[in-house]
Amino acid sequence: DATVLHRLSENERGELDDINAALKRIDAGTYGDCEACGRRIGRQRLRAIPEARRCISCTEALTST
């Protein structure tokens with residue numbers, strides 16, 4: 001509903017976008033693949049952050065720059 005989306009904070013909208021993107025990756029059969037390097041994202045990372053787009057190595061490299 002547009003009213004609900006309007007009331008979401010920017011952070012919540014970003015999280016909703018990440019979840020929707022994860023659902024699209026499930027449909028495409030690419031869920032669990034790192035978007036940066038193509039390797040599998042670790043199971044423990046996906047359990048902690050189901051909408052994760054990158055493996056730990058790629059995430060750390062991205063945040064350290």
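Which element gives the most to the lining of the largest pocket? Helix H4 does, with three residues; the legends below begin with that pocket. The model is predicted, and local features need pLDDT of at least 70, side-chain atom pairs count only at pLDDT 80 or more, and totals for chains, interfaces and linings use all residues. Residues are numbered from 1 along each chain as its sequence is written, and side-chain values use heavy atoms, with hydrogens and water left out.

Figure 1. The largest pocket has a volume of about 160 Å³. On a 1 Å grid over the protein atoms alone, a pocket is an open set of points where a 1.4 Å probe fits, with protein on both sides within 12 Å along at least five of seven lines, and lining residues have an atom within 4 Å of a point. The volume is the space filled by probe spheres set on the points, which are joined across faces, edges and corners. The lining consists of Glu 15, Asp 18, Arg 45, Ile 49, Glu 51, Ala 52, Arg 53, Arg 54, Thr 59, Leu 62 and Thr 63. Helix H2 (10-28) and helix H4 (56-63) are the elements that give two or more residues to this lining. Helices are DSSP runs (H or I, at least four residues), numbered from the N terminus.

**Figure 2. Helix H2 and its two faces.** H2 has 19 residues and spans 27 Å from its first C-alpha to its last, close to the 27 Å expected at 1.5 Å a residue (1.5 Å times one less than the number of residues). Its buried residues are Ala 21, Ala 22 and Arg 25. Seen down the helix axis, these buried residues fall within an arc of 105°, so they line one face of H2; the arc is that of the directions from the axis to the C-beta atoms. The face turned away from the buried side carries the exposed residues Lys 24 and Asp 27. Buried means under 20% relative accessible area, exposed over 50%, and partly exposed in between (1.4 Å probe, protein chains only). Gly 29, with a positive phi near 80°, follows H2.

**Figure 3. The salt bridge between Asp 18 and Arg 53.** The structure holds four salt bridges, each a side-chain nitrogen of Lys or Arg within 4 Å of a carboxyl oxygen of Asp or Glu. In one of them, the side chains of Asp 18 and Arg 53 meet at 3.3 Å, N to O. The pair links distant parts of the chain, 35 residues apart: Asp 18 lies in H2, and Arg 53 in the loop between helix H3 (43-48) and H4. Asp 18 is partly exposed at 28% relative accessibility, and Arg 53 is partly exposed at 25%.

Figure 4. Glu 35 meets Arg 25 in a salt bridge of 3.5 Å, N to O. Glu 35 lies in the loop between H2 and H3, 10 residues apart from Arg 25 in H2. Arg 25 is buried, with a relative accessible area of 8%, whereas Glu 35 is partly exposed at 44%. Glu 35 also meets Arg 53 in a salt bridge (3.8 Å, N to O).
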